[in-house]
Amino acid sequence: MVLSVEEIQQRRTPSELLAFVESVWERAKTDAELRTAGHLRNGYLKEFFDEVVPLSKFAAARYPSDYSVCPVIGNQGYDAEIYDERGHLFERVEIANPVDGYAIAKAGRDLAEHGIGGFRVGDPGDDLEDLISIIERTALKKSIKDYSDSTVVFNVSAIPAFEGFESRYEEQLERIRRALASTEFCAKCVYVMFPAGRLERIDA
């Protein structure tokens, strides 16, 4: 059974949202319909991967345990509402998830049809290198929108550094920091979430 919008938009604490994301991964191991929908990004699975998964990691790193997080599906200009311990709206969050949509779609179709997909040949760090220009374009698009009542989070979806390639990895992260820091956003605050859960505020 694929995910419903009601299931996704349920208010949860940060730890509960992480547990929900993990439960979907576990369900997909035995639910062929959900697994195929995930490969093809059908049935709100695109929103789940692009917004809810990074949101769960950000919320766990950013908010107190007694806050609650409510993902919001749609085109309203933000992806989640955050409530404080008294149940009052604390802020809204916009998740920016710069990815190569074409490559992800192709890999998903291959996985759904053949059970394998997403292979690529290259050196460690090539995936992050390919993302940098996408991140820069996404930042420019976000910079012309009004997020004055929201926190904007850039999620960097790449493989963490391989042993022996740490210097290249750190140089790439610094280029991403500079690109985002040099862009003016109309936002409450701006964060970048690097692989392995490294969260940094880049507008401070």
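## Arg86 and Asp84

Arg86 is exposed, with a relative accessible area of 59%. In this predicted model, Arg86 forms a salt bridge with Asp84, and the closest N and O atoms of the pair lie 3.3 Å apart. Asp84 counts as buried, at 9% relative accessibility. The bridge between Arg86 and Asp84 thus pairs an exposed residue with a buried one.

## Glu85 and its surroundings

Glu85 is found in the loop that runs between β2 (80-83) and β3. Its relative accessibility of 47% makes Glu85 partly exposed. When residues up to four places away in sequence are not counted, Glu85 touches Asp66 and Tyr67. The C-alpha atom of Glu85 is also separated by 8.7 Å from that of Ser65, a residue 20 positions apart from Glu85 along the chain.

A salt bridge is formed by Lys46 with Asp50, the closest N and O atoms being 2.8 Å apart. Both residues belong to helix α4 (residues 45-62), and because they are four residues apart there, about one helical turn separates them. Lys46 is partly exposed, with a relative accessible area of 45%, whereas Asp50 counts as buried at 16% relative accessibility.

Asp50 also takes part in a polar contact of 3.4 Å, which joins its side chain to that of Asn97. Asn97 is found in the loop between β3 (89-96) and α5 (101-114), and this residue is buried, with a relative accessible area of 16%. A further polar contact, of 3.2 Å, joins the side chain of Asn97 to the side chain of Ser157. Leaving aside residues up to four places away in sequence, Asn97 touches Phe49, Asp50, Asn155 and Ser157. Asp50 therefore has two recorded side-chain partners here, a salt bridge to Lys46 and a polar contact to Asn97, and Asp50 is itself buried.

Side chains of opposite charge can pair when their charged atoms come close. A search of the whole structure finds 16 salt bridges. In one of them, the side chains of Glu129 and Arg175 meet with an N to O distance of 2.8 Å.

## A nonpolar surface patch

Ile159, Phe162 and Phe165 make a nonpolar surface patch of about 280 Å². Of these residues, Ile159 is found in the loop between β4 (146-155) and α7 (166-181). Ile159 is partly exposed, with a relative accessible area of 49%.

Definitions and conventions
Residues are numbered from 1 along each chain as its sequence is written. This is a predicted model: local features need pLDDT of at least 70, side-chain atom pairs count only at pLDDT 80 or more; totals for chains, interfaces and linings use all residues. Side-chain values use heavy atoms; hydrogens and water are left out. Patches are made of residues with over 30% relative accessible area and no salt bridge: like charges are joined within 9 Å, nonpolar side chains (Val, Leu, Ile, Met, Phe, Trp, Tyr) within 5 Å. Accessible areas come from the Shrake-Rupley method with a 1.4 Å probe; for residues, only the protein chains shown count as cover. A salt bridge is a side-chain nitrogen of Lys or Arg within 4 Å of a carboxyl oxygen of Asp or Glu. Helices (H or I, at least four residues) and strands (E, at least two) are DSSP runs, numbered from the N terminus. Buried means under 20% relative accessible area, exposed over 50%, partly exposed in between (1.4 Å probe, protein chains only). A polar contact is a pair of N or O atoms within 3.5 Å; within protein, one must be able to donate a hydrogen and the other to accept it, and residues adjacent in sequence count only if both atoms are side-chain atoms. Contact means heavy atoms within 4.5 Å.
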